[in-house]
Amino acid sequence: MSATEVTLKTTGMHCRSCSAMVDMTVGELGGVASVSTDHSTGDTKVAFDPEVVSIDDIIAAIRGAGYDAENPAS
Ligand SMILES: [Cu+2]
């Protein structure tokens with residue numbers, strides 16, 4: 001598996017359980033190798049296999065959990 005890493009900017013989080021929710025939601029996606037979110041900086045660092053899951057899929061999952069996210073590099 002060829003892992004790609006991206007750091008998304010997630011907004012709408014207020015505490016550690018918010019970041020845990022984002023990590024759980026993104027971690028359930030197929031193709032995601034690891035995810036780590038810091039609620040104070042809004043950084044969601046994701047390692048994933050781009051052949052299985054896209055950045056857009058990851059952002060959509062975060063939005064589905066009630067937060068917002070964007071790829072600052074795009
Ligand atoms: Cu919270």
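## Sheet

S1 and S3 are joined by 6 bridges and pair in the antiparallel sense, where helices (H or I, at least four residues) and strands (E, at least two) are DSSP runs numbered from the N terminus, and two strands pair if DSSP finds at least two bridges between them. This is a predicted model, in which local features need pLDDT of at least 70 and side-chain atom pairs count only at pLDDT 80 or more, while totals for chains, interfaces and linings use all residues. Residues are numbered from 1 along each chain as its sequence is written, and side-chain values use heavy atoms, with hydrogens and water left out.

Within the pairing of S1 and S3, Leu 8 stands opposite Thr 44 in S3. The open sheet has 4 strands in the order S2-S3-S1-S4, with antiparallel pairing. S2 and strand S4 (68-70) stand at the edges, each with a single partner strand, so one side of each is left without a neighbour in the sheet. Direction ignored, neighbouring strands of this sheet are turned by 25° against each other on average; axes here are lines fitted to C-alpha atoms, for helices over the stretch in contact, and angles run from 0 to 180 degrees between N-to-C directions.

S2 and S3 run antiparallel and are joined by 6 bridges. Val 35 stands opposite Val 46 in S3, and the bridge partner of Val 32 in S3 is Phe 48. The hairpin of these strands has 4 residues between them, and Gly 42 takes a positive phi near 80° there.

## Helix H1

Helix H1 (residues 16-27) has 12 residues, which at 1.5 Å a residue should span 16 Å, and its end C-alpha atoms are 16 Å apart, which agrees; the expected span is 1.5 Å times one less than the number of residues. The buried residues of H1 are Cys 18, Ser 19, Val 22, Thr 25 and Val 26. They cover an arc of only 125° around the axis, which puts them on the same side of H1, the arc being that of the directions from the helix axis to the C-beta atoms. Buried means under 20% relative accessible area, exposed over 50%, and partly exposed in between (1.4 Å probe, protein chains only).

The buried residues of H1 pack against strand S1 (4-11), strand S2 (32-38), strand S3 (43-48) and helix H2 (55-64), with contact meaning heavy atoms within 4.5 Å. H1 lies across S1, S2 and S3 and runs at about 165° to S2.

In H2, the residues Ile 58, Ile 59, Ala 61 and Ile 62 are buried. Seen down the axis of H2, its buried residues fall within an arc of 160°, so they line one face of the helix. On the other side of H2, Asp 56 and Gly 64 are exposed. The buried residues of H2 pack against S1, H1, S3 and S4.

Ala 65 is found in the loop between H2 and S4 and, at 27% relative accessibility, counts as partly exposed. Just after H2, Gly 66 takes a positive phi of about 100°.

## Cysteines

Cys 18 is buried, with a relative accessible area of 9%, whereas Cys 15 counts as partly exposed at 31% relative accessibility. The C-alpha atoms of Cys 18 and Ala 65 are separated by 9.5 Å, although these residues are 47 residues apart along the chain. A search of the whole structure finds 0 disulfides, a disulfide being a pair of cysteine sulfur atoms within 2.5 Å.
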